Amino acid sequence: MDKIIIKTGDITKENVCVIVNAANSSLMGGGGVDGAIHRAGGAQILEACRKIRKEQYPDGLPTGEAVVTTGGSLPAKYVIHTVGPVYHQCGDNCALLLASCYINALKIAVELGCKDIAFPAISTGIYGYPKEKSAQIAYETVKDFLEERDDMKVSFVFHNNKNKEIFLKTIQEKR
Ligand code: ADP
């Protein structure tokens, strides 16, 4: 399926309409891909996040929800910030919450008129989601979505080859 691109790289360098950030509910930046996006995208992103916190989410962005900001100085025009579930805290809702991150981000991308979007492996870093389980959910959710939207392209960007290989192996039988 050439509407789904699976690659290794730094998501901040993706030349697409919108990239997704695996943020935390504070929206104030953090480690991992969140830190990388804020560093590469500059102060405009943080400024936009502060505004969202103040005006829409004073208590923080709930898990599974997503919001959009400018891409600042990134090649991407926009950044969608979503909060993945913390694996050891999400209990029976883990899969649903992780799928919501992907669905809500895709919905926003459509609203923005974006034809391409790049995702990191949400929750698989500091938030501890098992990579095989997350691969299954991410891939199925995106594949289902693309069945309705054949004008869009979705990239999964992995930070290293090992993570990409785990993803490819997990989804192999589903392609
Ligand atoms: P979370 O808190 O949701 O687990 P992390 O940022 O800790 O988020 O990790 C999510 C995934 O993003 C991890 O698999 C990590 O390897 C990956 N990652 C970290 N930096 C980047 C980057 N610059 N580009 C793409 N993926 C990245």
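Q: What share of the protein chain is buried?
A: Buried residues make up 45% of the 175 residues. Buried means under 20% relative accessible area, with a 1.4 Å probe and protein chains only; exposed is over 50%, and partly exposed lies in between.

Q: What kind of model is it, and what are the ground rules?
A: The model is predicted: local features need pLDDT of at least 70, side-chain atom pairs count only at pLDDT 80 or more, and totals for chains, interfaces and linings use all residues. Residues are numbered from 1 along each chain as its sequence is written, and side-chain values use heavy atoms, with hydrogens and water left out.

Q: How many helices and strands?
A: Five helices and six strands. Both are DSSP runs numbered from the N terminus: helices are H or I with at least four residues, strands are E with at least two.

Q: In what order do the elements run?
A: From the N terminus on, β-β-α-α-β-β-α-β-α-β-α.
A: The radius of gyration is 15 Å, close to the 16 Å that the globule rule gives for 175 residues, so the chain is as compact as a globular protein of that length. The radius is taken over C-alpha atoms, and the rule is 2.2 Å times the number of residues to the power 0.38.

Q: What box do the C-alpha atoms fill?
A: Roughly 45 × 35 × 30 Å, along the principal axes.

Q: Now helix H3. Where is it, and what span does it reach?
A: H3 covers residues 94-112 and has 19 residues. From first C-alpha to last it reaches 27 Å, close to the 27 Å expected at 1.5 Å a residue. The expected span is 1.5 Å times one less than the number of residues.

Q: Which H3 residues are buried?
A: Cys-94, Leu-98, Ala-99, Cys-101, Tyr-102, Ala-105, Leu-106, Ile-108 and Ala-109.

Q: What covers them?
A: The cover includes strands S2 (18-23), S3 (66-70), S4 (78-83), S5 (116-119) and S6 (153-158), plus helix H4 (131-148).

Q: What follows H3?
A: Gly-113, whose phi is positive, near 80°.

Q: Switching to Phe-167. Which helix is it in?
A: H5, residues 161-171.

Q: Why does Phe-167 count as buried?
A: Because its relative accessibility is 3%.

Q: Which residues does Phe-167 contact?
A: Leaving aside neighbours within four places in sequence, Phe-167 is in contact with Ile-6, Ala-135, Ala-138, Tyr-139, Phe-156 and Phe-158. Contact means heavy atoms within 4.5 Å.

Q: And how far is Phe-167 from Ser-134?
A: They are 33 residues apart in sequence and 8.5 Å apart in space, C-alpha to C-alpha.
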